[in-house]
Amino acid sequence: MDAKQHDCDVASTTWQAWHDIPWANVSTVVARLQTRIAKAVKAGEWRKVRSLQKLLTKSTSAKVLAVRRVTENQGRKTPGVDKQTWGTPDEKWKAVEDLGNKGYKPRPLRRIYIPKANGDKRPLGIPTMRDRAMQALHLLALDPVAKTTGDHHSYGFRRERSTADAIEQVRNIPGRKASPKWVLEGDIKGCFDNIDHTLLLKAVRHHTQESWVVMYIERWLKAPVQMLDGTLVERTRGTPQGGVISPLLANLFLHYVFDKWMQRENADVPFERYADDAVCHCRSQSQAQALISDLGRRFAQCGLELHPLKTRVVYCKDADRRGNYTETSFDFLGFNV
């Protein structure tokens, strides 16, 4: 059945309020469309992918899920520059009715700071509730494509993959017989703040050729930040930490900048990546050191750099055979390996 002929929202005509929504049916409708998108991607039917993505973002089922996501997550009480939070059922239902593409233009981001474990403060760019909901809506359409085409070495911010999965794989490889025993632990310095918009949009176009989706993503990336004193600061790089779609965009960027590059240039080096943190398993210390130099050049081409204090080489073998090499463990995602 052609996507345009598939009426996925027949039941929505009977919904008159937020409490009327049959959430199980809504989830089923959206999941079915996402499955069809993933199958079309696997088959290389990109015209069908675009048609299904358009159908999904226009469906009421997807819109109510998007509104529910941004009104029930941890940041639901943090407003954007318009001070709205959509706290009541009536406000949520009105948001669903207003959630559309016609005349849409994102508002500036509201700058806030949250404390980090080391005592510093992390800057966040908080979109308005409507902008968050629009991002969540388009995330539903992009996520099945990213999941289908994403690298199996990537674990961060992906459905059905977790921190535990990444840690298990990191621990398993050095424990195998005749496996690589040298580990390069790498971290990209200020990754989210320094992502090149041109390269990112190129990666996005690999996942959707819908011009209006790319246009919205570009507008979200370029939206200025309203500082604490009310001034607006233009943005030319980076994805705003605080946006619903930002983790996916960062993953798409790193998929092409790092994952694909590793497969092409260092196919014999197994690795795991969780967002901007990576563990590479090398056969020797010299191979690990050479990889640091190669990665440095690769990231420099993309406007990034390895963090000098968080990038190091570790020897993961029996302690009685380590010789004079003192680095025999490392911390990854909060776990000591």
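Reader: What makes the contact between D196 and R237 a salt bridge?

Author: In this predicted model, the side chains of D196 and R237 come to 3.6 Å, N to O. The cut-off is 4 Å between a side-chain nitrogen of Lys or Arg and a carboxyl oxygen of Asp or Glu, so the pair of D196 and R237 counts as a salt bridge.

Reader: Where in the chain do D196 and R237 lie?

Author: D196 is in the loop between helix 7 (191–194) and helix 8, and R237 is in the loop between strand 5 (232–233) and helix 10. They are 41 residues apart, and the pair links distant parts of the chain.

Reader: What makes D196 a cap for helix 8?

Author: D196 has a side-chain oxygen 3.0 Å from the backbone nitrogen of T198. The limit for a polar contact is 3.5 Å, and D196 caps the N-terminal end of helix 8.

Reader: How do you know that the buried residues of helix 8 line one face?

Author: The buried residues of helix 8 (residues 197–205) are H197, L200, L201, A203 and V204. Viewed down the helix axis, they fall within an arc of 155°, so they line one face of helix 8. T198 and K202, on the other side, are exposed. The cover over the buried residues includes helix 9 (211–222) and helix 10 (246–265).

Reader: How many salt bridges are there in the whole structure?

Author: The search finds 6. One of them joins R312 and E185, with the closest N and O atoms 3.1 Å apart. R312 is in strand 8 (residues 312–315) and E185 in strand 3 (residues 182–187), so the pair ties together parts 127 residues apart in sequence. E185 has 11% relative accessibility and counts as buried, whereas R312, with 25%, is partly exposed.

Reader: What makes the pair of D98 and K94 a salt bridge?

Author: The closest N and O atoms of D98 and K94 are 2.5 Å apart, and the limit is 4 Å, so the pair qualifies. Both residues lie in helix 4 (residues 89–98), 4 residues apart, which is about one turn of the helix. D98 is partly exposed at 38% relative accessibility, and K94 is partly exposed at 44%.

Reader: Why is R158 called buried, and which backbone oxygen does its side chain reach?

Author: R158 has 16% relative accessibility, and the limit is 20%, so R158 counts as buried. Its side chain reaches the backbone oxygen of K147 at 3.4 Å. R158 is in the loop between helix 5 and helix 6 (163–175).

Reader: What makes F299 a buried residue?

Author: F299 has 2% relative accessibility, and the limit is 20%, so F299 counts as buried. F299 is found in helix 11 (residues 285–301). Not counting residues up to four places away in sequence, F299 touches I188, V257, F258, L304, E305 and L306. F299 and I188 are 111 residues apart in sequence and 8.6 Å apart in space, C-alpha to C-alpha.

Reader: How do you know that the protein chain is as compact as a globular protein of its length?

Author: The secondary structure of the protein chain comes to 11 helices and 10 strands. The radius of gyration is 22 Å, close to the 20 Å that the globule rule gives for 337 residues, so the protein chain is as compact as a globular protein of that length. Of those 337 residues, 50% count as buried.

Notes
Residues numbered from 1 in each chain as written. Predicted model: local features only at pLDDT ≥ 70, side-chain atom pairs only at ≥ 80, totals over all residues. Heavy atoms only, no water. Buried < 20%, exposed > 50% of the residue type's maximum accessible area, 1.4 Å probe, protein only. Helix = DSSP H or I, 4+ residues; strand = E, 2+ residues; numbered from the N terminus. Arc of directions from axis to C-beta. Contact = heavy atoms within 4.5 Å. Polar contact = N/O pair within 3.5 Å; in protein donor to acceptor, adjacent residues only side chain to side chain. Rg over C-alpha atoms; globule rule 2.2 N^0.38 Å.
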